[in-house]
Amino acid sequence: GSGAVAARVEARTAAVVAPLPTRGASSASVAAAVSFGQEGGPASHAVVASLDGSVGILDASNRLVASVDVGRLLGALGHQHPHDAIVLANGDLAIATWNPGRLSYWR
């Protein structure tokens with residue numbers, strides 16, 4: 001039921017506390033937000049937004065499998081500090097940035 005799902009999400013969220021790799025080789029950043037796949041979508045992956053400019057994609061074992069350097073790719077357009085990211089039901093990403101607020105869509 002929903003209690004079991006909530007317990008799995010809570011346990012998974014607690015496991016995603018390690019700093020994410022960032023653009024600087026010797027630096028790390030703390031996650032701003034963690035989001036898990038939508039019901040009916042790729043629930044085995046999580047996305048972690050980091051204010052340093054990157055969004056990490058983690059597998060079910062919390063291993064970093066991909067990273068989107070939003071700040072480098074879209075920073076000139078104001079997408080510099082990812083604050084929230086969600087996995088949509090079709091597997092695409094929606095990423096919201098902080099200061100200034102922007103929204104980007106990633107396939």
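This is a predicted model: local features need pLDDT of at least 70, side-chain atom pairs count only at pLDDT 80 or more; totals for chains, interfaces and linings use all residues.
1. Strand 4 covers residues 46-50 and is mostly covered, five of its five residues being buried. In a regular strand, side chains alternate between the two faces of the sheet. Here both faces of strand 4 are covered: one side carries Ala46, Val48 and Ser50, the other Val47 and Ala49, and all are buried.

2. Ala46 deserves a separate remark. Its place is in strand 4. Ala46 counts as buried because its relative accessible area is 0%, and buried means under 20%. The C-alpha atom of Ala46 is separated by 7.6 Å from that of Val87, although the two residues are 41 residues apart along the chain.

3. Which residues make up the largest nonpolar core? This core has eleven residues: Val47, Ala49, Val55, Ile57, Val68, Val70, Ala85, Val87, Leu93, Ile95 and Trp106. Strand 4, strand 5, strand 7 (82-87) and strand 8 (93-97) are the elements that give two or more residues to this core. In soluble globular proteins, nonpolar side chains tend to be buried together.

4. Val70 belongs to the largest nonpolar core. Beyond its neighbours within four places in sequence, Val70 is in contact with residues including Gly53, Val55, Pro82, Ile95 and Trp106.

5. A three-stranded open sheet has the order 7-8-9, with antiparallel pairing. Strand 7 and strand 9 (102-106) stand at the edges with a single partner strand each, so one side of each has no neighbour in the sheet. On average, neighbouring strands of this sheet are turned by 20 degrees against each other, direction ignored. Strand 7 and strand 8 pair over five bridges, and Pro82 has Thr97 in strand 8 as its bridge partner.

6. Confidence should be noted. The mean pLDDT of the protein is 73, and 62% of its residues reach 70 or more. Over residues 2-7, pLDDT stays under 50, and the model has zero contacts beyond four places in sequence for them. Residues 9-28 also have pLDDT below 50, yet this stretch has 36 contacts in the model beyond near neighbours in sequence.

Note on methods
Residues are numbered from 1 along each chain as its sequence is written. Side-chain values use heavy atoms; hydrogens and water are left out. Buried means under 20% relative accessible area, exposed over 50%, partly exposed in between (1.4 Å probe, protein chains only). Helices (H or I, at least four residues) and strands (E, at least two) are DSSP runs, numbered from the N terminus. A nonpolar core is a set of buried Ala, Val, Leu, Ile, Met, Phe, Trp, Tyr and Cys residues joined through side-chain atoms within 4.5 Å. Contact means heavy atoms within 4.5 Å. pLDDT is the predictor's confidence in each residue, from 0 to 100. Two strands pair if DSSP finds at least two bridges between them. Axes are lines fitted to C-alpha atoms, for helices over the stretch in contact, and angles run from 0 to 180 degrees between N-to-C directions.
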